[in-house]
Protein chains: 2
Amino acid sequence: MDDGSSSSSSPYKVAVPPKQKPWEEFSSGFKEAFFSDDPLRPFKHQPGARKIILGLQAVFPILEWGRNYDLSKFKGDVVAGLTIASLCIPQDIGYAKLANLSPQYGLYSSFVPPLVYALMGSSRDIAIGPVAVVSLLLGTLLQNEIDPVENGYEYRRLAFTATFFAGVTQATLGIFRLGFLIDFLSHAAIVGFMAGAAITIALQQLKGFLGIVKFTKESDIISVMNSVVKSAHHGWNWPTILIGSVFLVFLLVAKHVGKKKKKLFWVSAIAPLLSVVLATFFVYITRADRHGVQIVKHIEKGINRPSVKQIYFTGDYVLKGLKIGLVAGMVGLTEAVAIGRTFAAMKDYQIDGNKEMVALGTMNIAGSMTSCYIATGSFSRSAVNYMSGCHTAVSNIVMSAVVLLTLLFLTPLFKYTPNAILSSIIISAVVSLIDYDAAILIWKIDKFDFVACMGAFFGVVFASVEVGLLIAVSISFAKLLLQVTRPRTALLGKIPRTNVYRNILQYPEATQISGVLIIRIDSAIYFSNSNYIRERLLRWLIDEDEKLRAGGLPKTRFLIVEMSPVTDIDTSGIHALQELYRSLEKRSVELVLANPGPVVMDKLHVSKFVDMIGEDKIYLTVADAVQMCSPKFVDVV
Amino acid sequence: MDDGSSSSSSPYKVAVPPKQKPWEEFSSGFKEAFFSDDPLRPFKHQPGARKIILGLQAVFPILEWGRNYDLSKFKGDVVAGLTIASLCIPQDIGYAKLANLSPQYGLYSSFVPPLVYALMGSSRDIAIGPVAVVSLLLGTLLQNEIDPVENGYEYRRLAFTATFFAGVTQATLGIFRLGFLIDFLSHAAIVGFMAGAAITIALQQLKGFLGIVKFTKESDIISVMNSVVKSAHHGWNWPTILIGSVFLVFLLVAKHVGKKKKKLFWVSAIAPLLSVVLATFFVYITRADRHGVQIVKHIEKGINRPSVKQIYFTGDYVLKGLKIGLVAGMVGLTEAVAIGRTFAAMKDYQIDGNKEMVALGTMNIAGSMTSCYIATGSFSRSAVNYMSGCHTAVSNIVMSAVVLLTLLFLTPLFKYTPNAILSSIIISAVVSLIDYDAAILIWKIDKFDFVACMGAFFGVVFASVEVGLLIAVSISFAKLLLQVTRPRTALLGKIPRTNVYRNILQYPEATQISGVLIIRIDSAIYFSNSNYIRERLLRWLIDEDEKLRAGGLPKTRFLIVEMSPVTDIDTSGIHALQELYRSLEKRSVELVLANPGPVVMDKLHVSKFVDMIGEDKIYLTVADAVQMCSPKFVDVV
C-alpha cells in the first residue's frame with residue numbers, strides 16, 4: 001500500500017493526532033454510526049419558527065415539494081398515475097390470492113397506503129401497493145398459524161395484526177436510525193431469493209392457469225409438480241388453459257416489445273388491463289364459466305372498512321402477528337428502499353433511508369387499520385411510473401383515486417374475469433424478478449456470493465420462502481463474520497524503477513529485499529481477528545525462513561508490517577501485537593511498523609506499545625522503513 | 001495511504017492479477033477460512049506408516065513430547081503438581097458449592113479431566129479442574145430448571161447432562177474447525193464479565209463467611225445485600241466471622257507477598273492449604289462447631305463412580321442440558337483457550353486452538369461419565385503451575401494423583417473444616433479476576449470497548465451471570481456489525497516536501513490540492529457498507545464544495561479515491577461505485593481511482609467498471625493520479 005520514501009536524509013515522523021476528549025471521542029463515533037447523514041444540518045442557525053416549518057417539512061416532504069408544484073408536473077403525474085392504476089388493479093386482485101385473502105383486500109391496499117406515502121415519502125418514482133413476494137411470504141407465514149379457508153375471519157385478523165406490526169417495525173427502525181440493518185441482506189442473497197420467489201409464485205399460478213380445483217398447499221416445486229401431474233387426467237380444464245395461454249403469450253410479447261423499444265413501454269403497461277377486458281368480455285359472451293372456466297365471481301363493492309378493532313392486541317396471536325410482521329416488514333422494507341435508491345440514483349436526488357422507513361411504517365400502520373395488508377414499493381410498477389414520466393408522488397394519489405373509483409363503481413365488471421387471466425398477469429409480472437444477468441455477474445465477480453445466491457434460490461424453490469429467506473440471511477451473516485475474522489495479509493515487494501511497494505501476487509515483477517519481510521495487514525485489528533493476524537504474520541515469517549534456508553540464504557532480520565489499511569485497533573489487537581513482538585524477539589527478528597493511521601498511532605502510544613518497540617521503529621512509509629533496515633539499499637528510482 | 005509518484009514521465013500501470021480457476025478461487029478462500037494454520041502440512045510427502053504415527057501424535061501429543069521426557073523435567077513437574085494440588089483441593093470443595101453440588105464432585109472433577117487432558121492437550125502450563133466462574137454459571141443455569149435441595153438426584157443428572165453436552169460442543173467446534181467462533185467474545189466484554197462474576201461469587205461467599213443460614217437464592221447484588229442486612233441482628237455468627245476474617249487477611253497478605261516477590265510465590269500457593277489445616281485443627285480443638293460455626297461435616301470417601309446412566313439422553317431435560325452445556329461449555333472454552341495462548345506466548349510455543357478444543361471436549365465428555373462436572377483451565381492455578389516450574393502436562397497427572405489419594409484416604413480429615421475458611425479461600429482467589437489495570441487501559445484505548453466492559457460488569461452484578469453474558473455477547477456483535485457497516489473514510493493531503501499523501505487529521509500540515517479531492521476508503525466494500533460508502537463520498541464532496549464556494553474558490557473537478565485499504569469488493573460494492581460514477585458525472589466531477597488491489601482490480605475488470613470510467617483513470621499511487629488531474633502541479637520533493 002505504501003511507498004515512496006518521504007525523504008532520503010531524515011525520515012518524516014509519524015504523527016500522533018491531537019487528543020480528543022473522552023466524550024467527544026464517544027459522541028463522534030456515535031454520530032458517525034447513527035447520524036452519518038447529519039439529518040439536523042439544515043436546522044442549524046435557523047430561527048425558531050423556521051425550525052418548526054423545517055421540522056414539518058422533514059416529516060411531510062409534500063409541504064416542501066408541493067410549493068413548487070405546477071401544471072406541467074401534474075400532467076406528467078396524471079398520465080403516470082393512470083398507467084400504474086391500469087397495471088395495479090389486475091395485479092392487486094391476483095396478489096391478494098397469494099396472501100390467501102379475498103380480491104378486494106388487494107385493491108384496498110392500493111388505496112390507503114399510497115395516499116399516506118404521498119404525504120410522507122421522499123421518493124418521487126416509487127409506486128406503492130401490494131407486491132408479489134411479500135404477498136406470498138405473508139400468505140405462507142399466516143397459513144402456518146391459521147387455516148385461511150376454515151377460519152377466514154381469524155386469518156384476516158392475524159393478517160391485519162401482522163400488517164400493523166410490520167408498520168411498527170419499519171417505523172421503529174427509521175425512528176431509531178437503525179436503517180442500516182437492512183444492509184445486512186446481501187445483494188447476491190436477494191437476487192437468489194427473488195428469483196426463487198418468482199418461480200414459486202409462477203408455480204402457484206399453475207392452479208389458476210390449468211384450472212385445477214384440488215391443489216397442494218405446499219409451495220415447494222416437488223409438491224406442486226406432483227399436484228399438477230396427478231391432476232393431469234381429470235383436473236385440467238382445457239378452455240381455461242386456452243384462454244390463459246393466449247393471453248400469456250400476448251402479455252409476454254407486449255413485455256418484450258416494451259423492453260426493446262423504450263418508446264413503446266406503454267404497450268406493456270396497458271396489456272394487463274386490456275387482457276382483463278378482452279378475456280372478461282369473451283367469457284361473458286361465451287359463458288365459458290359453464291364449461292369449467294373459473295371466474296372471479298364477486299368482489300365486494302365499497303371502500304375499505306375500518307379494521308382497528310380486528311387487530312389482535314392481546315392473546316396468543318399478538319406474538320405470532322409480531323413475528324410475521326417483523327419478517328414480512330423487513331422484506332418489504334428491503335424492496336422499497338432498494339427501489340427508492342435505484343430511481344433516486346437515476347434522477348440524482350438523495351433519499352434519506354431512515355425517513356423513508358418512517359413513511360413506509362406509518363403507511364402500513366394506517367393500512368392495518370383500514371383493512372389493508374402489507375404494501376410496499378413494487379419494482380415493475382415503479383419502473384412503469386418512471387417511464388410514464390411521473391414527477392412526484394402525486395402519481396400515487398392519482399392511482400389511488402382510480403382504485404377508489406374502481407372500488408365504488410367497477411367491481412361488478414370483474415364478475416366474469418377468468419382466474420386464468422389473473423394467473424397469466426402474475427406469471428408475466430414475476431418473470432422479471434428472475435435476473436439472469438445479475439446471477440451471471442455474481443458468478444464472475446465472487447464465487448462465495450454465488451453460493452449465497454444459489455442457496456437462497458434453491459431454499460425457496462425446494463423448501464419454502466421462509467427457508468430461503470433464512471438461508472439468505474445466514475449466508476449473508478456468515479460472509480460478514482468471515483470478513484471480520486479472516487482479513488487478508490499480503491507480501492509486498494518493490495516495484496522496479498520506483499520506490500513503491502506492492503502486493504507481489506498482483507505485481508510479480510516486484511522484488512523482495514534480502515533480510516527484510518514486508519507484510520501488509522488489510523483490516524482493522526479487533527478481538528475477532530487479532531489472534532488470526534498474529535498467527536498469520538508468524539506463519540509468513542516461518543514460510544519465508546524455510547524458503548531462505550532451502551536456498552542457503554541468510555534468514556530474515558526485519559519484519560516490516562505495513563499498517564496503512566489498519567484503521568483501528570482495540571485492546572485485543574494491542575495484546576496480539578505485544579505477543580507478536582515477544583515471539584519475534586525470541587527469534588531475533590526486529591518488528592518495524594510502517595504508516596500507522598491516526599487512531600492506531602494514538603492507541604499504540606496510550607498502551608505504551610510505542611515505548612516497547614521504540615519510536616525509531618515506526619515510519620511514515622515502507623520505503624523509509626526499508627531504508628532503515630538495510631542502509632546499504634539505496635533508493636534509486 | 002498512498003504516495004510517491006511511481007515515475008514522473010509515464011505512470012506505472014495498475015496490474016490485473018493472473019486469473020484463478022473458479023474452483024481454485026473458492027477452495028483457497030475456504031482453506032484460508034478454516035485451515036489457515038495448514039494442519040496437514042507435516043503429513044505431506046511422508047510414507048504411510050509415518051503418516052499413522054504422525055496422526056496418532058496429532059491426537060495424543062503426549063506420544064510426541066513423551067519421547068523426550070526425562071528426569072529433570074519430571075522433577076519440575078512433580079513440584080508444580082504438588083503445589084497446584086495443594087491449591088486445588090480446598091478450591092474444589094468450595095467451587096462445588098457454587099455449582100450447588102456436594103464437595104466430592106469438585107474433587108472428582110480434578111481427578112479424571114486432568115488425566116484425559118494430559119494425554120490429548122497441547123498446552124504445557126494449563127492446570128485443569130473446576131473453576132469459579134463456570135461453577136457459578138452452571139449452578140445458576142441448573143437451578144433455574146431444578147431445585148438442587150429438593151431434587152438433588154435430578155439436579156445432579158442434569159449437571160452431568162450439561163457437562164456431557166459442554167464436552168460435545170467443545171469437541172465439535174474443534175473437529176469442524178470452528179474454533180474462531182470463540183474469538184467473537186471481545187476482550188473488553190470478558191474483562192467486564194469476569195470482574196462482575198468475581199463480585200457475584202464473593203457476595204455469595206458472604207453466606208459462609210458470616211455464617212448466615214437463611215440466604216437468598218438470587219445472585220444480584222441487591223438481593224444479596226438485602227439478605228445480609230436483614231440477617232444482621234440474629235443471623236450473623238461471630239465466631240465464624242472471626243475465623244473467616246483472620247484467614248482472609250492471612251490469604252490476602254500471602255497473595256500480595258507472592259505477587260510482589262516472584263521468588264516467594266510459593267507462599268501464596270500453599271497459604272490456602274495451610275489455612276485449611278490450621279482452621280480445621282482450631283475448630284476440632286475448640287469444638288467451635290457447637291457455637292454455630294458451620295463445618296463441612298462429610299465428604300464422601302472413594303473415587304468417582306460411573307455416571308453414564310445418569311445422563312439424560314431422552315426426555316425434556318435433554319434439550320435443557322444441551323442449552324446449559326452449550327453456554328457453559330463456550331465460556332469454559334474461552335477461558336481455557338485464553339490461558340493456553342497466554343502461556344504459550346510466554347514460552348514461545350504454538351497452540352493449535354482447534355486441537356485444544358477437541359482435547360477439552362473429550363475430557364469433559366469423559367468427565368460427564370465419571371461423576372465430574374465441567375472442568376476447564378484455571379487461571380490462578382495455571383499461573384502457579386507455570387511459576388512452580390512445570391515443564392509438561394505431567395504436573396496435571398501428579399495433581400490428579402494427589403487428588404486421588406485425598407479421595408481415597410483424606411476426606412475424613414475435612415470433617416471439621418469450617419465453611420468460612422472455604423469462603424475466604426474463594427474470595428481471595430476471585431479478587432484476582434478483577435483486573436483494574438485492564439479496565440483502565442480499555443478506557444484509555446477505546447471508549448466503546450469500555451462501555452461493553454461496563455455493560456457486562458453491571459449486567460452480572462445487578463442482574464445475573466446469564467444477563468451479563470448476554471450483554472457481553474450482544475455488545476461484541478454490535479461492535480463487529482458497526483465495524484462492517486460504518487468503515488472510516490479519510491481526507492488526504494500532501495505532506496510538505498514529500499510526494500506522500502496522508503490523512504489531514506493526523507498530519508494537519510498536509511495540504512490539499514486545488515480542484516482535487518482525495519478520499520481514502522478504509523475497508524473492503526461489501527453489501528453491508530456499500531451504500532454508506534457511496535453516500536459518505538458524496539457528502540465529502542458536497543461539504544468540500546460548500547467550503548470552496550464560501551471561500552470563492554473554483555469547485556472540485558476530480559475525486560481521487562485511494563483504494564489501497566479496499567481489499568475486496570462484491571457486487572453491491574460495484575453497484576455503489578457505478579452509482580457514484582453516475583452521480584459524479586451529473587456534477588461534472590471526474591472519478592479517479594488510486595491503487596486498487598489485486599482482487600478489486602480483477603472484479604472491476606470483470607464487471608466492466610474499468611471500461612465505464614476508462615482505464616486511464618486508474619493509477620498506481622495517489623501521486624500519479626494527482627499528476628494527471630493537475631498537470632501544472634509538478635511534484636517537487
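A nonpolar patch lies on the surface of chain A in this predicted model. A:I303, A:L405, A:L408, A:F409, A:L410 and A:L413 form the patch. Together they have about 550 Å² of accessible area.

- A:L408 sits in helix α16 of chain A, which covers residues 394-410.
- Its relative accessible area is 31%, so A:L408 counts as partly exposed.
- That value passes the patch cut-off, because patches are made of residues with over 30% relative accessible area.

**Domains of chain A**
- The domain assignment gives domain 1 as 78-432 and domain 2 as 486-633.
- The centres of domain 1 and domain 2 of chain A, taken over C-alpha atoms, are 56 Å apart.

**How the copies are related**
- Chain A superposes on chain B by a rotation of 180°, with 0.0 Å of shift along the axis and an RMSD of 0.1 Å.
- The two copies are therefore related as by a two-fold rotation axis.
- Of the interface residues of chain A, 99% are also interface residues in chain B, so the copies meet through the same surface.

- Most residues other than glycine have a negative phi.
- A:R287 is not a glycine, yet has a positive phi of about 50°.
- A:R287 lies in the loop between α12 (265-286) and α13 (316-347) of chain A.
- A:R287 is partly exposed, because its relative accessibility is 25%.
- B:S371 also is not a glycine, and its phi is positive, near 60°.
- B:S371 is in the loop between α15 (353-368) and β2 (376-377) of chain B.
- With a relative accessible area of 5%, B:S371 is buried.

How values were computed:
Residues are numbered from 1 along each chain as its sequence is written. Chains are lettered from A and ligands numbered from 1 in the order in which they are written. This is a predicted model: local features need pLDDT of at least 70, side-chain atom pairs count only at pLDDT 80 or more; totals for chains, interfaces and linings use all residues. Side-chain values use heavy atoms; hydrogens and water are left out. Patches are made of residues with over 30% relative accessible area and no salt bridge: like charges are joined within 9 Å, nonpolar side chains (Val, Leu, Ile, Met, Phe, Trp, Tyr) within 5 Å. Accessible areas come from the Shrake-Rupley method with a 1.4 Å probe; for residues, only the protein chains shown count as cover. A salt bridge is a side-chain nitrogen of Lys or Arg within 4 Å of a carboxyl oxygen of Asp or Glu. Helices (H or I, at least four residues) and strands (E, at least two) are DSSP runs, numbered from the N terminus. Buried means under 20% relative accessible area, exposed over 50%, partly exposed in between (1.4 Å probe, protein chains only). Domain bounds come from an automatic or database domain assignment. Copies are superposed by least squares on the C-alpha atoms of residues with pLDDT of at least 70 in both. Contact means heavy atoms within 4.5 Å.
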